[in-house]
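Please examine the sequence and the structure below.

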Amino acid sequence: MIKLKHKLERQVQDMNINDIVERYPIDVMEHAERVMNLVRPFGKDYMMVALLHDILEDTKVTYEDLSKALPYDIIDDIFALTRFTETYFEYIDRITRSTKRAKIVKYYDILDHLHNKATLKPSLKKRYLKAKQILEEVI
């Protein structure tokens, strides 16, 4: 398994998703962990969605894999947070029509990206700031 901090290891074990989480590349895992910690005040379900919000985009984990380990409402939010072939703002628009949990996780996902100066390009910053504003209007 990816070398995770002991606290995160316990949380992942408590969520019963070890087999899924260990498929993340380390840089994506670090981002997912930060987002999970940002949504901690909202509760365990928010934390689970945050931890897995990029799993379908960044790994070979499938909807079927998730369905073996997670409740369907959690899977639906993870699916809502997965960008397919749509443009970025079509994707954001879709999230605005999703659950409160999906909107909040995406909002904190964007905040984490905005605070990660090492990977934040000017074009991405502009896009994230606009998406953040859109989400703030619906949360």
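Is arginine 101 buried or exposed? Arginine 101 is buried, with a relative accessible area of 12%; buried means under 20% relative accessible area, exposed over 50%, and partly exposed in between, with a 1.4 Å probe and protein chains only. This is a predicted model, in which local features need pLDDT of at least 70 and side-chain atom pairs count only at pLDDT 80 or more, while totals for chains, interfaces and linings use all residues. Residues are numbered from 1 along each chain as its sequence is written, and side-chain values use heavy atoms, with hydrogens and water left out.

**Fold and burial**

- The protein chain has 10 helices and zero strands; helices (H or I, at least four residues) and strands (E, at least two) are DSSP runs, numbered from the N terminus.
- Read from the N terminus on, the elements run α-α-α-α-α-α-α-α-α-α.
- Of the 139 residues in the protein chain, 46% are buried.
- Leucine 51 belongs to helix α4 and is buried, with a relative accessible area of 0%.
- The C-alpha atom of leucine 51 is separated by 4.8 Å from that of alanine 32, and the two residues are 19 residues apart along the chain.
- Valine 105, in helix α9, also has 0% relative accessibility and therefore counts as buried.
- Between the C-alpha atoms of valine 105 and methionine 36 the separation is 8.3 Å, although these residues are 69 residues apart along the chain.

**Salt bridges**

- Side chains of opposite charge can pair when their charged atoms come close.
- The structure holds eight salt bridges, each defined as a side-chain nitrogen of Lys or Arg within 4 Å of a carboxyl oxygen of Asp or Glu.
- Arginine 101 and aspartate 45 form one of them, at 3.7 Å from N to O.
- This pair links distant parts of the chain, since arginine 101 is in helix α9 (residues 100–115) and aspartate 45 is in helix α4 (residues 44–52), 56 residues apart.
- Aspartate 45 has 37% relative accessibility and counts as partly exposed.
- Arginine 101 also forms a salt bridge with aspartate 73, with the closest N and O atoms 3.2 Å apart.
- Because aspartate 73 lies in helix α7 (residues 72–80) and arginine 101 in helix α9, this pair ties together parts that are 28 residues apart in sequence.
- Aspartate 73 is partly exposed, its relative accessible area being 39%.
- Glutamate 86 and arginine 94 are joined by a salt bridge of 2.9 Å, N to O.
- In that pair, arginine 94 counts as partly exposed at 22% relative accessibility, whereas glutamate 86 counts as buried at 17%.
- One network, joined by salt bridges that share partners, consists of Asp45, Asp73, Asp77 and Arg101.

**Negative surface patch**

- Asp27, Glu30, Glu57 and Asp58 form a negative surface patch.
- Helices α3 (26–38) and α5 (55–58) are the elements that give two or more residues to the negative patch.
- Patches are made of residues with over 30% relative accessible area and no salt bridge, with like charges joined within 9 Å and nonpolar side chains (Val, Leu, Ile, Met, Phe, Trp, Tyr) within 5 Å.
- Asp and Glu count as negative and Lys and Arg as positive, while His and the chain ends are not counted; the place of a charge is NZ of Lys, CZ of Arg, CG of Asp or CD of Glu.
- Accessible areas come from the Shrake-Rupley method with a 1.4 Å probe, and for residues only the protein chains shown count as cover.
- Glutamate 57 lies in helix α5 and is partly exposed, with a relative accessible area of 35%.

**Aromatic pairs**

- A search of the whole structure finds eight aromatic pairs; rings of Phe, Tyr and Trp (its six-membered ring) pair if their centres lie within 6.5 Å, and planes under 30 degrees apart count as stacked, over 60 as edge-to-face and the rest as tilted.
- Phenylalanine 79 and phenylalanine 84 form a tilted pair, because their ring centres are 5.1 Å apart and their planes are at 50°.
- Phenylalanine 79 counts as partly exposed at 36% relative accessibility, and phenylalanine 84 counts as partly exposed at 43%.
- The pair of tyrosine 88 and phenylalanine 89 is edge-to-face, at 5.2 Å centre to centre and 85° between the planes.
- Tyrosine 88 is buried, with a relative accessible area of 7%, whereas phenylalanine 89 counts as partly exposed at 30% relative accessibility.
- Phe42, Tyr46, Tyr107 and Tyr108 are linked into a cluster by ring pairs.
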